[in-house]
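This report describes how the parts of one protein chain pack together. Please look at the sequence and the structure before reading on.

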Amino acid sequence: MIADVVIIGCGPAGLQAGIHSARKKADTVIIGKIGNSALHGAHIENYFGIGGMTDGSVLLKKGLEQALSFGCRHIDLDVIGAAEDGDGFRITVESGEDIVCRSVVIATGISRMKLGIPGEKEFLGKGVSYCAECDCNFYKGLRVAMIGNGSKAAVSAELMTKYASTVYWIDSGISADGSLVDRAREAGVKIIAGIPEKIIGGKNVETLLLSDGSAIEADGIFIELGGRSSSDLAMDLGVMPKADDSIKINNRCETSVERVFACGDVTGRPWQLAKAVGEGAVAGLNAADAAKGAP
Ligand SMILES: Cc1cc2nc3c(=O)[nH]c(=O)nc-3n(C[C@H](O)[C@H](O)[C@H](O)COP(=O)(O)OP(=O)(O)OC[C@H]3O[C@@H](n4cnc5c(N)ncnc54)[C@H](O)[C@@H]3O)c2cc1C
């Protein structure tokens with residue numbers, strides 16, 4: 001597929017970027033799942049023009065409909081790879097399809113989501129990790145459990161089979177594309193149905209307890225929720241994230257790489273809808289202009 005602008009992320013920042021890009025008549029593709037947006041489970045009462053409590057999922061649904069009505073195309077999948085490609089960029093989604101474009105907008109929200117179970121915080125750095133790509137080498141010949149249902153968990157589980165002796169993937173409702181699940185399984189990942197409840201151990205992680213009472217002996221627990229993290233994707237595109245994983249932008253929402261823009265929670269605090277939408281508009285307009293060679 002070919003497009004002028006690809007927007008990675010289907011939350012309020014990405015959708016607003018799509019609306020403004022499409023209104024500039026740029027051929028625009030938005031990639032991502034609205035159900036994974038931080039706004040999906042939120043109730044909003046501090047956003048301009050909205051009185052009372054508004055359900056975030058309603059805003060997202062309407063925002064997507066609006067973006068489509070202006071001509072955006074939507075791919076309801078996660079992005080698993082991004083690279084510079086000649087004078088543009090090549091974005092790969094979990095089905096394996098590539099989208100080639102002139103401008104990219106990173107609107108992936110906050111990366112490294114937490115699971116929120118007992119032991120997660122206590123064993124961080126002592127067996128609990130949020131990044132298989134960063135920590136895989138520490139688990140050579142050891143047993144690890146992967147937690148997460150999306151493409152990031154699938155790709156990470158497959159990666160860990162090259163290091164760990166045993167890789168369990170806890171299935172609490174896998175949503176990753178079937179081809180990624182097959183690849184993980186073929187690489188030797190053992191998929192176990194269950195809901196993670198508690199991480200226990202001594203000095204380091206020893207066991208993952210599931211809600212049905214079963215226990216999985218593991219030296220490492222990888223928590224990989226959502227899609228490929230914004231910092232991974234940014235680095236693929238040549239943008240170096242800041243120490244806190246956010247992406248530095250200027251007042252045109254430009255990153256350090258030409259025709260790569262960022263907006264929303266991924267650019268840092270405040271993590272608020274109004275900021276996400278405002279930056280989305282700026283990023284969308286400038287990405288469309290940049291794609292079409294406008295000054
Ligand atoms: C419980 C809660 C309550 C909140 N209450 C308020 C409030 O009252 N007022 C307020 O202003 N703000 C509130 N917020 C914050 C607000 O929801 C966020 O600031 C806003 O959603 C940020 O928008 P975003 O588009 O930057 O990121 P998100 O909404 O998080 O969207 C990110 C998108 O990127 C996608 N994505 C990530 N990785 C990939 C990938 N690899 N490939 C493809 N897509 C990817 C995700 O699927 C998602 O669609 C609340 C947040 C929460 C969690």
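Between the two domains, 10 residues of domain 1 are in contact with 10 residues of domain 2, where contact means that the C-beta atoms of two residues, placed from the backbone, lie within 7 Å. The side of domain 1 that touches domain 2 divides into 2 nonpolar, 3 polar and 5 charged residues. Here Ala, Val, Leu, Ile, Met, Phe, Trp, Tyr, Cys and Pro count as nonpolar, Asp, Glu, Lys and Arg as charged, and the others, Gly among them, as polar.

The model is predicted: local features need pLDDT of at least 70, side-chain atom pairs count only at pLDDT 80 or more, and totals for chains, interfaces and linings use all residues. Residues are numbered from 1 along each chain as its sequence is written.

The domain bounds, from an automatic or database domain assignment, are 2-112 + 228-291 for domain 1 and 128-223 for domain 2. The C-alpha centres of the two domains lie 29 Å apart.

The largest nonpolar core has 87 residues. Such a core is a set of buried Ala, Val, Leu, Ile, Met, Phe, Trp, Tyr and Cys residues joined through C-beta atoms within 7 Å. A residue is buried if 20 or more other C-beta atoms, placed from the backbone, lie within 10 Å of its own, exposed if 12 or fewer, and partly exposed in between. Helix α7 gives the most to this core, with 9 residues. Val 105 is among the residues with the most contacts inside the core; its contacts include Phe 261, Cys 263 and Ala 283, leaving aside residues up to four places away in sequence.

Helices (H or I, at least four residues) and strands (E, at least two) are DSSP runs, numbered from the N terminus.

| Helix | Residues |
|---|---|
| α1 | 12-23 |
| α4 | 151-160 |
| α7 | 273-291 |

The axes of α1 and α7 come within 7 Å and cross at roughly 35 degrees; axes are lines fitted to C-alpha atoms, for helices over the stretch in contact, and angles run from 0 to 180 degrees between N-to-C directions. The residues of this contact divide into 13 nonpolar, 7 polar and 1 charged.

In α4, 9 of the 10 residues are buried, so this helix is largely enclosed by the rest of the structure. Lys 152 and Glu 158 are among the buried ones.

Gly 264 lies in the loop between β17 (260-262) and α7. Gly 264 counts as buried because it has 35 C-beta neighbours inside 10 Å.
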